[in-house]
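Good morning, and thank you for coming. Please look at the sequence and the structure on the screen, and I will then take you through a few places in turn.

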Amino acid sequence: MKRQRIVAGNWKMNNNFDEGRDLTISIIQKLGPSGTLAVLCPPFIHLNYMSTLAKGIANLKLGAQNCHTEANGAYTGEISAPMLKSVGAEFVILGHSERREYFGETDDFLAKKVGAVLASELRPIFCVGEKLESREAGEQESVVSSQLEGGLFHLSAEQMSKVVIAYEPVWAIGTGKTASKEQAQEMHKFIRSLVAKKYNDNLADLTTILYGGSCKPDNAKELFSQPDVDGGLIGGASLKAADFVAIVNSFPDSK
Ligand code: PGA
């Protein structure tokens, strides 16, 4: 069994209802059948309608950008995993650096969210990545390894098999600076080795690891050609249908 290739679009806090509908329709028109799964992660308000548009398209799924730890209750303003499931989401991005930085999300809190997502039979896209000062100090491996330990490695192997990991160096997000293909490959290989050590080689081999951080049509090909890069988590470039679909189609034929 080969591991699943995924290109996920993280729209962040962009697109009103009409813009989101138009972008989705345009992506659907451009997206041919492919062995790569495209996952659109819009703001919550779009999910219900977008899932009607995406119905029946085998290589297009929907994801959310966040959810709460609890299934329901007095948590004003929050959205739960079962709610997301009820409107057709299949994935949930967790631990994005913007959530960690602006909303104070800690590894412990994220570990609970991971549990909530899995309990609803949704799949977490769990983000890890170092800030610039950690990269400059050569501490990228220890940062990423402690994020994985704190947020994911309490899971059973069965649960872990549902998780997608996204390596997103914070210094590359929205900055136009991309990790080189060598830097990406080195970190992806390292992450896979940690999964192998914690679980087993087979599970590590099957774990989809995405790269995120200024991934664009003109650099996706070389990033996706790396043996341990299984796709991307795309911010800015996911807001243009042609760019997003070009990235989805950026895997070399040999992969
Ligand atoms: P970017 O964002 O592609 O705009 O750098 C990536 C992300 O934050 O997931």
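This is a predicted model: local features need pLDDT of at least 70, side-chain atom pairs count only at pLDDT 80 or more; totals for chains, interfaces and linings use all residues.

I begin with N59, whose side chain reaches the backbone oxygen of G32 at 3.0 Å. Such a pair is a polar contact, meaning two N or O atoms within 3.5 Å; within protein, one must be able to donate a hydrogen and the other to accept it, and residues adjacent in sequence count only if both atoms are side-chain atoms.

Residues are numbered from 1 along each chain as its sequence is written, and side-chain values use heavy atoms, with hydrogens and water left out.

Where is N59 found? It sits in the loop between α2 (47-54) and β3 (60-64); helices (H or I, at least four residues) and strands (E, at least two) are DSSP runs, numbered from the N terminus. N59 has a relative accessible area of 9% and is therefore buried. Buried means under 20% relative accessible area, exposed over 50%, and partly exposed in between, with a 1.4 Å probe and protein chains only. Leaving aside neighbours within four places in sequence, N59 is in contact (heavy atoms within 4.5 Å) with L31, G32, P33, S34, T36, L37 and A38.

Let us turn to S142, in helix α7 (residues 140-151). S142 counts as partly exposed because its relative accessibility is 45%. Its side chain reaches the backbone oxygen of E139 at 3.1 Å.

Next comes helix α12 (residues 241-248), whose buried residues are A241, F244, V245, I247 and V248. Seen down the helix axis, these fall within an arc of 155 degrees, so they line one face of α12; the arc is that of the directions from the helix axis to the C-beta atoms. The buried residues of α12 pack against β1 (5-10), α1 (17-30), β2 (36-41), α11 (217-224) and β8 (231-234).

Finally, the ligand. How many residues surround the ligand? There are 13, and the closest are K12, H96, E168, G174 and S214; a residue counts as near if one of its heavy atoms lies within 4 Å. A polar side-chain atom of E168 lies 2.7 Å from an oxygen atom of the ligand.
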